[in-house]
Amino acid sequence: MKPGERSGFDRLWWGFLLVSMAAALYMAFIQAPQEKTMGDLQRIFYFHVPAAMTGLTALAVNFIASLMFLARKDRWWDNLALSAAEIGVVFLTMVLVTGPIWAKPVWLVWWTWSPRLTSSLVLWMLYVAYLLVRNYTADPDRRALMSAVFGIVAFVDAPIVWFSIRWWRDIHPSPMLETGGLSPAMRPALWTCWVAFQVLFIYLIRRRFFLESAQQEIEWIERRLDASR
Amino acid sequence: MGKKIWAIFRKDLLIELRTKDSLNAMLFFGIVVLVIFNFALEAVRDAIHSAAPGILWTAFAFAGTLGLNRMFAAEKENGCMQGLLMLPIDRGIIYLGKMLAAAVFMMIAEAVIFVFSLVFFNLTVWKEIPYLALVFSIGTLGFTAVGTLLSAVSVNTRMREVLLPLILFPTALPILINAVEATSIILNGSDYQSLRLPITIMSVFTIVFGTLSYLLFEYVLED
C-alpha cells in the first residue's frame, strides 16, 4: 500500500467513526438528562471531558513512542510520536476552548488560576514547545532525537507540574470545585462520547502517520533525484 | 569520576572568568528586569514587598537562561564540540560538569541581583541569609539540571537562543513556583516549618531531572 492510500481497515474505521459520532451526539444532546442547575449548558461536559481524556492518551502515546525511538532509532516511532503530539495538542486546545465557554456562564469568569486549569494550560504549553522543537530542527535525524528527548522530559514533568500547582493553589478557594460524583443517568452519554473521541483519535493518528510517511517518501525521492542529476 | 567532572567544570569556569561574556550579560539583564518590574508594578508600589520573591525569581530565571544559552553555543561556534565528543568519558560526565558550571554562574548572578533588589525594594535581611542561600542553591540546581539538557537540545535547532526560554520555562515551572513560595516564606518571616514542602518538591524535581538528563544527554550531544 502506498502511504496516504486508504486501506480497507481505514474505510471500515471511517464508517465506525461516523456511527459513533452520531451516537455520541444523540446521547449527549437527547438521551442525557438535563442538569438541574446548569441546564443544557452542562452538555458541553460530554465534549470537554472526553477531549481531555483523549488528549492525555495522545500524550502517553507520544511518550512511549519517544522512548521506543531512542531505543530502536527507527523513524516509524518518530512518526508516531509526531502524530500523537500534534493530535494531542489539538485535543488539549479543544479542552482549553470548551472550558472557558462553559466557565463564563457558570462561574461568571472565563478563566481562574485554579490548579486544574493552570496545569492543563502548562501541559498544552509543554507540547506546543515540543512541536516548536520539531519545527525548528531542519535535519530529520536530529529532529527525531531532539524531540524524543524533549517528549520524555515533558511527560515526566507533567505530574510534577500538576502536584506543585495543586499544593500551592489549592489554598485559595476557587469558584470551580466539581460536584461530587457524576449522576449515573449521565454516565452512558459520557462513555459513548469517550468512545467516539477515541475512535476519532485512532482515525486521525493513522491519517497523520501516513501523511508523514508520504512526506518522507517525497523527501527521499527528491534526494535521489538530486543525487542522479 | 569526580576528577573528570571537575576538569569539565574548571574548563568552563576558566573560560568564563577570562572572557566574562555571559556573566556580564546575566548580571546586567537581571538588574534591568528588576527595574522594569519596578515600573510595571507602579500601581502597587507600596505592596512591592509581597511581589519581591516573584520578581527576584523572574530575574534569576531570565539571567539563568542567558547563561544557559551560551553553555553550548560557544563550543559550537568555536568547533569545540568535536573535542568534547572525542573525550574518552561518559557523556553524562560532560553533562554534570556543564550543569555545575551553569549553576555556579547563575548563583553568582543571583547574589549580585539579590543585593540590588535589597536596595531597590528596601529589604533588610540578615539572619534569613542562610535560608535564602539554601533555597537559591536548590532552585538553581533544579533550574540548571533541566536547563543544561534543554540548552543542548536548543543549540541543535535553527532558532537556538530563541527556542531555549520557550521550552525551558514551561518545563522548569515546578521549580520556579516552589522557589517563589519558599522565598516568600522566608522574606515574609512566617515560620520556617512550612519551608519543608517547597524544598522537598524542589529537591525531588532536581533529582528526577538530574538523573533523567544524565541518561538522556548522550542523545543530544552532537557535532
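**Briefing: a predicted complex of chains A and B**

Residues are numbered from 1 along each chain as its sequence is written, and chains are lettered from A and ligands numbered from 1 in the order in which they are written.

**Confidence**

- For the complex, the predictor gives an ipTM of 0.90 and a pTM of 0.90.
- Chain B averages a pLDDT of 91, with 100% of the residues scoring at least 70.
- The mean pLDDT of chain A is 87, and 92% of its residues reach 70 or more; among the elements of chain A, H5(A) has the lowest mean pLDDT (87) and H2(A) the highest (94).
- Over residues 171-180 of chain A the pLDDT is below 50, and beyond near neighbours in sequence this stretch has seven contacts in the model, a contact being two residues whose C-beta atoms, placed from the backbone, lie within 7 Å.
- Where pLDDT is low, the predicted coordinates should not be read in detail.

**Chain A: overall form**

- Chain A has six helices and zero strands, and its C-alpha trace spans about 70 × 45 × 25 Å along the principal axes.
- Buried residues (20 or more other C-beta atoms within 10 Å of their own, against 12 or fewer for exposed and in between for partly exposed, with C-beta atoms placed from the backbone) make up 32% of the 229 residues in chain A.
- Of the contacts in chain A with a separation of 6 or more, 80% are accounted for by residues 24 or more positions apart.

- Helix H2 (residues 45-72) of chain A has 28 residues and reaches 40 Å from its first C-alpha to its last, close to the 40 Å expected at 1.5 Å a residue, where the expected span is 1.5 Å times one less than the number of residues.
- Just after H2(A), Lys73(A) takes a positive phi of about 55°; Lys73(A) and Asp141(A) are 68 residues apart in sequence and 9.1 Å apart in space, C-alpha to C-alpha.
- Asp141(A) lies in helix H5 (residues 140-169) of chain A, and Asp141(A) is exposed because 12 other C-beta atoms lie within 10 Å.

**Where the chains meet**

- The contact takes 25 residues from chain B and 26 residues from chain A; on the side of chain B that touches chain A, the elements giving two or more residues are H6, helix H7 (163-187) and helix H8 (196-220) of chain B.
- H7(B) gives the most to that side, with 10 residues.

**Helix packing in chain B**

- Helix H3 (residues 48-77) of chain B and H7(B) pack at an angle of about 145°, with their axes 9 Å apart; axes are lines fitted to C-alpha atoms, for helices over the stretch in contact, and angles run from 0 to 180 degrees between N-to-C directions.
- Residues making this contact include Trp57(B) and Leu68(B) of H3(B) and Phe169(B) and Leu176(B) of H7(B).

Note on methods: Predicted model: local features only at pLDDT ≥ 70, side-chain atom pairs only at ≥ 80, totals over all residues. pLDDT = per-residue confidence, 0-100. Helix = DSSP H or I, 4+ residues; strand = E, 2+ residues; numbered from the N terminus.
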